[in-house]
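Reader: I am new to protein structures. Could you take me through this one in short steps?

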Amino acid sequence: TVVRFHELFRFVTTASRLSLEISDNDGLRWTEIYGRSGNGSTSSSGWDSGFQSRAVSLSEYSGNVVRLRFILRPGNSAFLGTSASLG
């Protein structure tokens, strides 16, 4: 089993991290199975040029009931707004 998704990183600080987490005990404990930190680039040359496809194997959890969550931890700062350059 595989979970597939697309992500797009633009201006994201190095303290920020996007994670895909899994729980096999009804949400009591979460384990990161995919993660990506921002690179802090203020220039569009350091940003993703388009959505990036990702595929993360869930074979380790085959036969188990699991919960998945995506979480963006902003670290010590957050950027508020609707600009396509953020996040």
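Author: Start with a term: a residue counts as buried when its relative accessible area is under 20%. Keep in mind that this is a predicted model.

Reader: What share of the residues in the protein is buried?
Author: Apply that cut-off of under 20% relative accessible area. The protein has 87 residues, and the buried share of them is 26%.

Reader: How many helices and strands does the protein have?
Author: Read the elements from the N terminus on: β-β-β-β-β. The count is 0 helices and 5 strands.

Reader: In what order do the strands of the open sheet stand?
Author: The open sheet is formed by 3 strands. Their pairing is antiparallel. From one strand to the next, the twist averages 15°. The order is 3-2-5.

Reader: Which strands stand at the edges of the sheet?
Author: Look for strands with a single partner strand. One side of each is then left without a neighbour in the sheet, so these are the edges: strand 3 (31-37) and strand 5 (67-73).

Reader: Which residue is the bridge partner of Leu-18 in strand 5?
Author: Strand 2 covers residues 17-23 and runs antiparallel to strand 5. The two are joined by 7 bridges. For Leu-18, the bridge partner in strand 5 is Leu-72.

Reader: What share of the contacts joins residues at least 24 apart?
Author: Take the contacts between residues at least 6 apart in sequence. Of these, the share joining residues at least 24 apart is 73%.

How values were computed: Residues are numbered from 1 along each chain as its sequence is written. This is a predicted model: local features need pLDDT of at least 70, side-chain atom pairs count only at pLDDT 80 or more; totals for chains, interfaces and linings use all residues. Side-chain values use heavy atoms; hydrogens and water are left out. Two strands pair if DSSP finds at least two bridges between them. Helices (H or I, at least four residues) and strands (E, at least two) are DSSP runs, numbered from the N terminus. Axes are lines fitted to C-alpha atoms, for helices over the stretch in contact, and angles run from 0 to 180 degrees between N-to-C directions. Buried means under 20% relative accessible area, exposed over 50%, partly exposed in between (1.4 Å probe, protein chains only). Contact means heavy atoms within 4.5 Å.
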